[in-house]
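This report is for a reader who is meeting the structure for the first time. Please look over the sequence and the model before reading on.

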Amino acid sequence: MSSERELTLYRNGSVYSTADPLASAMLVDGGTVAWVGGEQAATSIAGPDVRVVDLDGAVVTPGFVDSHVHIADTGLVLRSLDLSTARSATELLDAVARAASATPGVVLGHGWDESGWAERALPSAAELDRAASGREVLLTRVDVHSALVSPALAAAAGIDGPGGARAAGWDGGPLATREALAAVRAAARPSDPHDVRALHRAALERAASRGYVALVEQAAPQIAGVDDLRLLLGGGGADDGGAVPQVMAYWGQLVGSADEARTVLDSLGVPVLGLAGDLNIDGSIGSRSALLSADYADAPGHRGTAYLDAEQVGRHLAACSELRVQGGFHVIGDGGLALALEGLRRADELVGASAVRAAGHRLEHVEMASGAAIAELAAHAVTVSAQPLFDAAWGGDGRLYAERLGMRREGMNPFASFASAGVPLCFGSDAPVCDQNPWASVAACLGHSTPTERISARAAFIGHSRAGWRAVRHADPLMGQLVPGAPASFAVWEVDELMVQVADERVQAWSTDPRARTPLLPALDTENRPRCLATVHRGTSLYSAEGFASHAGRVS
């Protein structure tokens with residue numbers, strides 16, 4: 001490589017920077033932000049040795065971090081049948097029949113949601129078999145906590161065992177959950193490393209085109225397995241083409257002691273952030289497997305499923321705390337959160353509260369949390385990794401959460417309450433559950449279905465960027481910012497206009513005044529959302545839209 005470093009000046013736009021909230025230009029030296037400022041200074045910097053990129057009014061922001069994603073599954077969904085528009089079992093079956101007649105192999109589909117159907121009845125196993133002409137079929141629900149499975153795939157996956165024994169989560173019908181779901185998903189997914197790498201690359205390239213510079217993979221044995229994790233972190237997602245977003249990962253495997261935790265971490269063969277992520281305490285609200293403290297409103301006598309108990313949770317967190325690595329769990333219902341909090345108390349008893357706090361544990365989702373529970377999370381220094389698009393998709397009157405929970409849906413996903421209590425908060429998509437659309441996710445924070453839980457666009461943007469790095473305890477405190485000395489990790493956006501957007505409209509009159517020196521973000525109340533023109537991570541180009549002169553790459 002050349003010993004010279006490339007200087008690139010981005011100018012004639014807007015730069016989101018706390019160093020200079022009115023900045024219109026940024027100088028990148030190799031992989032580092034060297035300067036941000038105004039046009040007059042930019043003119044003096046421009047010279048024969050400086051490559052100049054005319055932003056033409058575009059805005060440069062720190063790159064996004066997706067704090068909760070499943071990369072192989074996202075790649076698989078990109079090549080699967082889209083069932084999100086199906087409005088009945090008949091429409092779903094028709095789509096399966098068309099796919100079965102047009103493509104070989106397993107018929108894969110994703111995104112059905114019967115809560116939006118006029119008739120809620122799911123197709124029978126026999127109907128699914130007929131539609132697919134006997135083919136193997138796997139159709140994951142939008143929350144990926146249940147799936148419709150054809151008899152052929154059930155047989156291939158071995159969930160109907162000898163002597164009538166069946167895997168947990170399957171009763172012989174079309175619907176599979178829990179262990180049965182893990183088995184059919186494993187049977188249906190590609191196993192050839194080349195195919196798996198192709199899934200990774202498709203998902204990572206798409207994320208780069210959406211302005212993401214980093215993704216946090218929530219890996220677990222029951223999701224894609226350790227071989228997938230090794231391919232992903234071992235370079236399998238990036239060795240067939242250009243640069244892709246940085247991947248960091250958690251491994252969701254339960255342990256009962258520090259020695260067991262150390263053994264598991266050593267056996268992986270690749271570095272992970274901790275034993276956390278989709279290690280499930282409970283399931284999902286859509287599949288009625290999230291653990292509640294009271295019955296589901298639309299299923300009297302049913303409160304969901306506890307996959308772990310408080311003793312297991314406590315020992316796992318204690319073990320991780322002893323090793324000073326992050327532990328954590330998937331938890332959605334208030335009953336599930338009660339188990340998590342009891343587990344934190346038991347971990348305190350086993351290794352001491354200071355050790356538990358120092359480990360920086362995290363919980364994924366945490367959709368139902370009382371004020372007392374939130375205060376306890378803050379006391380334990382637990383980070384919450386949440387998904388704003390859950391509320392956008394299912395919150396509000398007359399929608400899924402109201403149907404499943406009644407009035408208990410009020411105050412779900414309590415972002416403002418978490419922030420005011422001092423609970424560290426970061427945001428992700430949970431792709432493929434929700435689309436990787438970062439600005440829609442920021443907008444979901446602004447337009448939360450519970451007005452008192454809305455947060456400003458700036459707070460939401462930080463949760464989608466800088467906070468994502470802090471949540472994984474990244475060593476560089478400047479990561480996720482555009483200030484001198486910070487890594488050059490950013491995205492360029494075509495926007496309609498820039499403004500300050502806050503949860504309380506009374507604030508906007510003064511905060512948009514230039515004297516307030518508040519950095520501006522793209523307006524999200526317009527018909528056209530920001531379009532990504534380029535994505536750069538540590539000075540290396542990950543994505544460039546056609547016609548945009550992006551940074552060609554890092555030279556060191």
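The text below goes through sheets, helices, the nonpolar core, cysteines and backbone details.

This is a predicted model, in which local features need pLDDT of at least 70, side-chain atom pairs count only at pLDDT 80 or more, and totals for chains, interfaces and linings use all residues. Residues are numbered from 1 along each chain as its sequence is written, and side-chain values use heavy atoms, with hydrogens and water left out.

**Sheets**

Helices (H or I, at least four residues) and strands (E, at least two) are DSSP runs, numbered from the N terminus. Two strands are said to pair if DSSP finds at least two bridges between them. Strands of a sheet pair through backbone hydrogen bonds, in a parallel or an antiparallel way.

Strand S23 (residues 531-537) and S24 run antiparallel and are joined by four bridges. Threonine 535 stands opposite tyrosine 543 in S24.

Valine 15 belongs to strand S2. With a relative accessible area of 1%, valine 15 is buried; buried means under 20% relative accessible area, exposed over 50%, and partly exposed in between (1.4 Å probe, protein chains only). Valine 15 and valine 60 are 45 residues apart along the chain, yet their C-alpha atoms are separated by 4.7 Å. Contact here means heavy atoms within 4.5 Å. Leaving aside neighbours within four places in sequence, the contacts of valine 15 include Val36, Val60 and Leu482.

Another open sheet has three strands in the order S7-S13-S14, and its pairing is parallel. Strand S7 (64-69) and strand S14 (246-251) are the edge strands, each pairing on one side only. From one strand to the next, the twist averages 15 degrees. S7 pairs with strand S13 (residues 212-219) in the parallel sense over four bridges. Valine 65 has alanine 214 in S13 as its bridge partner.

**A helix pair**

Two packed helices are described by the angle between their axes and the distance between the axes. Axes are lines fitted to C-alpha atoms, for helices over the stretch in contact, and angles run from 0 to 180 degrees between N-to-C directions. Helix H9 (residues 258-268) packs with helix H10 (residues 310-323) at an angle of about 70 degrees, and their axes are 8 Å apart. H9 is therefore roughly perpendicular to H10, a term that covers angles of 65 to 115 degrees. On the H9 side, Ala258, Ala261, Arg262 and Leu265 meet Ala319, Glu322 and Leu323 in H10.

**Nonpolar core**

A nonpolar core is a set of buried Ala, Val, Leu, Ile, Met, Phe, Trp, Tyr and Cys residues joined through side-chain atoms within 4.5 Å. The largest such core has 61 residues, and those with the most contacts inside it are Leu337, Leu363, Val366, Leu377 and Phe418. Helix H11 (residues 334-351) gives the most to this core, six residues. Beyond its neighbours within four places in sequence, leucine 363 is in contact with residues including Phe329, Leu337, Leu377 and Val384.

**Cysteines**

How many disulfides does a search of the whole structure find? The search finds zero, where a disulfide is a pair of cysteine sulfur atoms within 2.5 Å. Cysteine 434 is in no disulfide, and the nearest cysteine sulfur, in cysteine 445, is 12 Å away. The sulfur of cysteine 445 is 12 Å from the closest cysteine sulfur, that of cysteine 426, which is too far for a bond. Cysteine 434 is buried at a relative accessible area of 7%, and cysteine 445 is buried at 0% relative accessibility.

**Backbone details**

Most residues other than glycine have a negative phi, and most peptide bonds are trans.

Asparagine 12 lies in the loop between strand S1 (7-11) and strand S2 (14-15). Aspartate 56 is in the loop between strand S5 (50-54) and strand S6 (59-62).

The peptide bond joining alanine 431 and proline 432 is cis, with omega about 15 degrees. Proline 432 sits in the loop between strand S19 (425-427) and helix H17 (438-446).

How values were computed
Parallel < 35°, antiparallel > 145°, perpendicular 65-115°, else oblique.
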